[in-house]
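The following paragraphs lead through a single protein chain, from its overall arrangement to the details of individual elements.

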Amino acid sequence: MKIRKQILTKLNSALQPELLEIEDQSDNHKGHSGWRETGETHFHIKIISHKFINKSRIQRHQMVYKALSPEPMNSIHALSMDLSHGESK
């Protein structure tokens, strides 16, 4: 299964997001450490989920890492995240 599909499936299941965007940014890192010609090494995800309410930024990141471990995290070189609960502060 492709890494993007694994990310999509696992995050939908664990976080039940209102919004989930997954961008493969591997081409932007061509020739850099961790880059593979097959791609799917560098991702940016944007998630809005009610499960993030009352969670710190660190706790939100931990929730994502837990959902993606051990696979596909073992195959990803870099993961950047924009995580929100969607409510006004």
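In what follows, a contact means that heavy atoms lie within 4.5 Å. The model under discussion is a predicted one.

The secondary structure of the chain consists of 2 helices and 3 strands, and these elements follow one another from the N terminus in the order α-β-β-α-β. Of the 89 residues in the chain, 35% are buried. The accessible surface of the chain amounts to about 5700 Å², of which carbon and sulfur atoms supply 47%. Among the contacts with a separation of 6 or more, 64% link residues 24 or more positions apart.

Helix α1 may be considered next. The buried residues of α1 are Ile-3, Gln-6, Ile-7, Leu-11 and Leu-15. Viewed down the axis of α1, these buried residues fall within an arc of 115°, so they line one face of the helix. The spacing is explained by helix geometry: an α-helix has 3.6 residues a turn, so residues three or four places apart point the same way. As for what this face meets, the buried residues of α1 pack against β1 (19–24), β2 (42–48) and α2 (57–68). After the helix comes Gln-16, whose phi is positive, near 40°.

In β3, Leu-79, Met-81 and Leu-83 form the covered face, whereas Ala-78, Ser-80, Asp-82 and Ser-84 form the uncovered one. The general principle is that in a regular strand the side chains alternate between the two faces of the sheet. β3 pairs with β2 in the parallel sense, over 7 bridges. Within this part of the structure, Lys-46 stands opposite Asp-82 in β3, and Asp-82 belongs to the uncovered face of that strand.

The loop between α2 and β3 (78–84) contains Ser-69. Ser-69 has a relative accessibility of 39% and therefore counts as partly exposed, since that class lies between the limits of 20% and 50%. A polar atom of the Ser-69 side chain lies 2.7 Å from the backbone oxygen of Tyr-65. Ser-69 can also be related to Lys-10: the two are 59 residues apart in sequence, yet their C-alpha atoms are 9.4 Å apart in space.

How values were computed:
Residues numbered from 1 in each chain as written. Predicted model: local features only at pLDDT ≥ 70, side-chain atom pairs only at ≥ 80, totals over all residues. Heavy atoms only, no water. Buried < 20%, exposed > 50% of the residue type's maximum accessible area, 1.4 Å probe, protein only. Helix = DSSP H or I, 4+ residues; strand = E, 2+ residues; numbered from the N terminus. Arc of directions from axis to C-beta. Areas by Shrake-Rupley, 256 points an atom, 1.4 Å probe, with all protein chains shown as cover. Polar contact = N/O pair within 3.5 Å; in protein donor to acceptor, adjacent residues only side chain to side chain. Pairing = 2+ DSSP bridges.
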